[in-house]
Amino acid sequence: MMALDQTILMATGTALLFLGIASITISKNLLKSIMSFQVAVFGANLALFASGFGYGPRLLSDAFVVLSVLVGASVEAVGLAIIVVVYRKYGTLNPDEIRRLRR
Amino acid sequence: MESELVALLISGALFVTVAVSLLSTKVSNSLIALFYASIVLGIGFTVYGDGLLGLLTMITFAGAISVLLLSVVLITGESKLDLGARRVALGAIPLAAAIGGISLLTVFSGQSGGLATSDSSLAVLNFLWTLRPWDLLILIVVFAGSMVAIVSLLGREE
């Protein structure tokens, strides 16, 4: 049976993950999408971290969180570099506008 | 009981900061709220006995990524970075202070219930180095790849 604090943290992590994913799909600004991605990464990290509670030393879950933090940061950095390139090329960060300009 | 209280506080603070970040119409406000969210997450990891993760989260997200986001905001000029975020900052400061205070209290009182009283950072590092070296190798490859991609993208002429 899960402890109450584990349940709270897992629920928060899952909620943040879905909030981030939903916000990525809704967002009309690429910068906001990257921020939403960061929120999703936060949620995933929190849920992964909380999943290791109550099974002795939670080394595996912590190792996965280390991996997730560093991979998430790398992805975000590349995303930001792509945003700069897109802005230089199209002069806007609105995905709909960029799609229209590409045609 | 204290461990549940800390979990609730961390969750509440995370929800507040993330909600402010996602709902704000100004990119500068979102950035500041996201910075606070990273700090809260780092404090949460530290309170639950993993200082390494807390430090890593704060260094990468609150440090590096926030600065990177700020520089991209300045390059693209997407947001006028005025002091309009003062209210957000003022609202988040007491929240962060409360979390920090309770966290310190639970760590130093030694009556932390479900919370860990000892730091497991060294054990995690040892575990990674001895039993999961492939993960570290993958990390290095991903990091090196991302750095090469960033240099290539930013060095491109118009």
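Within chain B, confidence is lowest in helix 4 (residues 86-109), at a mean of 65, and highest in helix 2, at 88; pLDDT is the predictor's confidence in each residue, from 0 to 100, and helices are DSSP runs (H or I, at least four residues) numbered from the N terminus. The model is a predicted one, in which local features need pLDDT of at least 70, side-chain atom pairs count only at pLDDT 80 or more, and totals for chains, interfaces and linings use all residues. Residues are numbered from 1 along each chain as its sequence is written, with chains lettered from A and ligands numbered from 1 in the order in which they are written. Chain B averages a pLDDT of 77, and 74% of its residues score at least 70. For the complex, the predictor gives an ipTM of 0.88 and a pTM of 0.81.

Turning to the contact between the chains, chain A contributes 43 residues and chain B 48 residues, two residues being in contact if their C-beta atoms, placed from the backbone, lie within 7 Å. On the side of chain A that touches chain B, helix 1, helix 2 and helix 3 of chain A each give two or more residues, and helix 3 provides the largest share, 22 residues. By class, this side of chain A has 32 nonpolar, 6 polar and 5 charged residues; Ala, Val, Leu, Ile, Met, Phe, Trp, Tyr, Cys and Pro count as nonpolar, Asp, Glu, Lys and Arg as charged, and the others, Gly among them, as polar.

Leu14(B) touches Thr12(A) and Leu16(A) as well as Ala37(B), Val40(B) and Leu41(B), leaving aside residues up to four places away in sequence.
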